[in-house]
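Below is a short briefing on one protein model. Look at the structure first, then read the points by topic.

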Amino acid sequence: MNLLCAPECDGMRLNVLLLVVIFQVPLLAAGKDWFKGVVLLKDKKILRGEINVRPDCDVVLFRIGEIEMVYPAHKVVTLSFFDDDLEQKRTFISLLSKEGAAIAYELYEVIVDGEISILRKELSSWQSYYLEVEDFQYFALIDDELLDIKTFRRRVYKKLLKEHAPEIDEYVREHNLSPYTFIDMVQVINEINVGKKARALAMEH
């Protein structure tokens, strides 16, 4: 599922990019960290101005001059802005999340885009404190199904091997990768995305 248009990366560039995104992105705070960017709303309106995204609260703050507006996740399709500190574009999407009987739209940052996408969700401060977990939770988006990356070997990896067994098994062994390691998981997923894109282009010609 292509969530955004981005250039392909080789393994080394991908690893460097992911390390930057995962470990160096600062937590965004209200009233701080405004970036020039674009917001696409569910009603097809496109807003261009300054953005302060609060994924922990699932809202987007938007302003033009002194006028400020708040858009909850259920009104947003996607948003993107250029992060000057990281010197790269960052993109968020709004997805419908189901947790038991609770149904709500939430904001996820796109880390890897493709047929299989890697997303991350910023946890609220109380979740991080009481659950003693990291500030982000990572997911794989496959066929519109959002899977916790922690289930990668049990659910995602088995599915990938079933669909791409020979080439993926060879790629994993050749590069000495482990489905238990996050950065290795992402490298495998990127390889699958690149392969699918190459086959699609070949069919077009």
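Phe35 is buried, with a relative accessible area of 7%; buried means under 20%, exposed over 50% and partly exposed in between, using a 1.4 Å probe and protein chains only. Phe81 is also buried, at 2%. The model is predicted: local features need a pLDDT of at least 70, side-chain atom pairs count only at pLDDT 80 or more, and totals for chains, interfaces and linings use all residues. Residues are numbered from 1 along each chain as its sequence is written, and side-chain values use heavy atoms, with hydrogens and water left out.

**Aromatic pairs**

- The structure holds 4 aromatic pairs; rings of Phe, Tyr and Trp (its six-membered ring) pair if their centres lie within 6.5 Å, and planes under 30 degrees apart count as stacked, over 60 as edge-to-face and the rest as tilted.
- One of these pairs is Phe35 with Phe81, which is stacked, at 4.7 Å centre to centre and 15° between the planes.
- This pair links distant parts of the chain, since Phe35 is in strand E1 and Phe81 in strand E5 (residues 76–83), 46 residues apart.
- Tyr108 and Phe139 have ring centres 5.5 Å apart and planes at 90°, so this pair is edge-to-face.
- Tyr108 lies in strand E7 and Phe139 in strand E9, 31 residues apart, so to speak of distant parts of the chain applies here too.
- Tyr108 is buried at 2% relative accessible area, and Phe139 counts as buried at 10%.
- Ring pairs link Phe35, Phe81 and Phe92 into a cluster.

**Helices, strands and the sheet**

- The protein has 4 helices and 10 strands; helices (H or I, at least four residues) and strands (E, at least two) are DSSP runs, numbered from the N terminus.
- From the N terminus on, the order of elements is α-β-β-β-β-β-β-β-β-α-β-β-α-α.
- An open sheet of 10 strands, with antiparallel pairing, has the order E4-E3-E2-E1-E5-E6-E7-E8-E9-E10; two strands pair if DSSP finds at least two bridges between them.
- Strand E4 (67–72) and strand E10 (145–148) stand at the edges with a single partner strand each, so one side of each has no neighbour in the sheet.
- Neighbouring strands of this sheet are turned by 40° against each other on average, direction ignored.
- Strands of a sheet pair through backbone hydrogen bonds, either parallel or antiparallel.
- Strand E7 (residues 102–112) and strand E8 (residues 116–122) run antiparallel and are joined by 3 bridges.
- Val110 has Leu119 in E8 as its bridge partner.
- Helix H3 (residues 152–174) lies across E8, strand E9 (136–142) and E10, and runs at about 130° to E10; axes are lines fitted to C-alpha atoms, for helices over the stretch in contact, and angles run from 0 to 180 degrees between N-to-C directions.

**The whole chain**

- Of the 205 residues, 43% count as buried.
- Among contacts with a separation of 6 or more, 45% come from residues 24 or more positions apart; contact means heavy atoms within 4.5 Å.

**Confidence**

- The average pLDDT is 77, and 78% of the residues score at least 70; pLDDT is the predictor's confidence in each residue, from 0 to 100.
- Helix H1 (residues 11–24) has the lowest mean pLDDT among the elements (43), and strand E1 (residues 35–41) the highest (96).
- Over residues 5–31 the pLDDT stays under 50.
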